[in-house]
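Morning, everyone. Please bring up the sequence and the model before I start.

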Amino acid sequence: MKLRDICLIQSGGTPSRSKKEYWKDGDIPWVKISDFSGKFLKTTEEQITEQGLDCSSAKLFAKGTILYTIFATLGEVYILDIEAATNQAIAGISIIDDAVDRNYLYYFLASLKEQVNSIGRGVAQNNINLSILRDIEIPLPNRSTQEQFAYNLGRIDEIIALCKQQLKEADKLVKSRFIEMFGDPMHNEKGWPFAVLTDVCSSIFGGGTPSKSHLEYFTGDIPWVSPKDMKASIVSDSMDHITHEAIEHSTTNLVPANSVLMVIRSGILKHTLPVAINSVPVTINQDIKAFVPNEKITSSFMMHFFKAIETDVLAVVRSVTADNIDFKAFQQRKIILPPLELQQQFTVFVQATDKSKLTIQKSLNELEILKKSLMQQYFG
């Protein structure tokens, strides 16, 4: 059946920002894409007033409504756990047929992400309209089968969430050990000597992008790391790979293993500071810098020092309009320099934790593959 036959599908809207009475002291949750987190949406950053709701194209969606992103970020699916309005980039999907299980529909829509993004890239702006969404066809087995499919996928999601939480806890443990051994580097209560970053690096590399007009440059086996590849603390591969010829004809460089990579330019810097160690030689794009530690410091200590000063670094980024770090100033920043033996003890602890994280990540990857396989089996 088509979605239009089993659901009421409506888009949201945004009350005029120039009308304070539409926003001030509002108590109606108003959803935007940045509010999305987890399967169920429970809170929103902003609220609107009754007047704002009445005088705009925003609509109040009931608890249990499925939210689906249709503009810019396509194909994200969440379920409202509260009564809320949404902006125009989000469609509200309300089931009107009792033969349809909400969780089954949720997972079906989630399975369409790649397909919907392919459609969205075919238009001037990355979006799909409500007509396209309403015409999507959904396979509808009997209700009990739907519930069984949704239950199976839900159990996998629960285990995936557990694995992700274990990874977060491992990161917290390392952060706690860093503070325990070295103190807060912003205050240096343990009185360690300082050094300038350039004094503890044998070299600092910038990056670049090989010419996209030479497709052969992207047929090699050398990882070419961009910010999207910096999701873990250890980088061993990337989405793109380039050739040695590409390195020779671009501003990128081959970065030796066990360097510290840091994103210096990206919108993500408004929220987090991605840093990582490359376990194999890699190349990097222009949004990343690579620090090659010398004999005074370990890679692990340097990386976790960067993590420890993240709040301070990002505060500076947020104070300017551009989403980038003033790298000329940053490389003159002072870094605490505890005894190398103590740094090496910390490195051993981090390596043991990383080994555990690798096992968890392997399980997580296998679960993601299983989930994708089941979705293909259930939904085609």
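Here is a question to begin: in which loop does Ala72 lie? Ala72 sits in the loop between β6 and β7 (73-80). I will come back to that loop.

First, some ground rules. This is a predicted model, where local features need pLDDT of at least 70, side-chain atom pairs count only at pLDDT 80 or more, and totals for chains, interfaces and linings use all residues. Residues are numbered from 1 along each chain as its sequence is written, and side-chain values use heavy atoms, with hydrogens and water left out.

Now the overview. The protein chain has 11 helices and 20 strands. Those are DSSP runs numbered from the N terminus: helices are H or I with at least four residues, strands are E with at least two. The C-alpha trace spans about 70 × 50 × 40 Å along its principal axes.

How much is buried? Of the 380 residues of the protein chain, 46% count as buried. Buried means under 20% relative accessible area, exposed means over 50%, and partly exposed is in between, with a 1.4 Å probe and protein chains only.

Next, contacts. A contact means heavy atoms within 4.5 Å. Take the contacts in the protein chain with a separation of 6 or more: residues 24 or more positions apart account for 73% of them.

And the surface? The protein chain exposes about 19,400 Å², and carbon and sulfur atoms supply 52% of that. The areas come from the Shrake-Rupley method with a 1.4 Å probe; for residues, only the protein chains shown count as cover.

On to the first sheet. A reminder: strands of a sheet pair through backbone hydrogen bonds, either parallel or antiparallel. Here, two strands pair if DSSP finds at least two bridges between them.

This sheet is open and has 5 strands, in the order β1-β9-β6-β7-β3, with mixed pairing. Look at the edges. β1 (7-11) and β3 (40-41) each have a single partner strand, so one side of each is left without a neighbour in the sheet.

Let's walk across. β6 (residues 66-71) and β9 (residues 90-95) run antiparallel, joined by 4 bridges. Ile66 has Ile93 as its bridge partner in β9. β6 also joins β7, through 5 bridges, and that pair runs antiparallel too. There, Ile70 stands opposite Leu74 in β7. Then β3 joins β7 by 2 bridges, and those two run parallel. Leu41 stands opposite Leu80 in β7.

What about cover on β7? It is mostly covered: 7 of its 8 residues are buried.

Back to our opening loop. β6 and β7 form a hairpin with 1 residue between them. Most residues other than glycine have a negative phi. Is Ala72 buried or partly exposed? Ala72 counts as partly exposed, because its relative accessibility is 43%.

There is another case to look at. Asn258 has a positive phi near 70°, and again the residue is not glycine. Find Asn258 in the loop between β15 (254-255) and β16 (260-263). With 47% relative accessibility, Asn258 counts as partly exposed.

Now look just before β6. Thr65 lies in the loop between β5 (60-61) and β6. At 3% relative accessibility, Thr65 counts as buried. What does Thr65 touch? Leaving out residues up to four places away in sequence, Thr65 touches Tyr78, Ile79, Leu80, Gly92, Ile93 and Ser94. The C-alpha atoms of Thr65 and Asp81 are separated by 8.2 Å, with the two residues 16 apart along the chain.

β2 (residues 28-31) and β8 (residues 84-86) pair in the parallel sense over 2 bridges. Trp30 stands opposite Ala85 in β8.

Last stop: the helix α11, with 40 residues (340-379). The expected span is 1.5 Å times one less than the number of residues. After α11 comes Gly380, whose phi is positive, near 85°.
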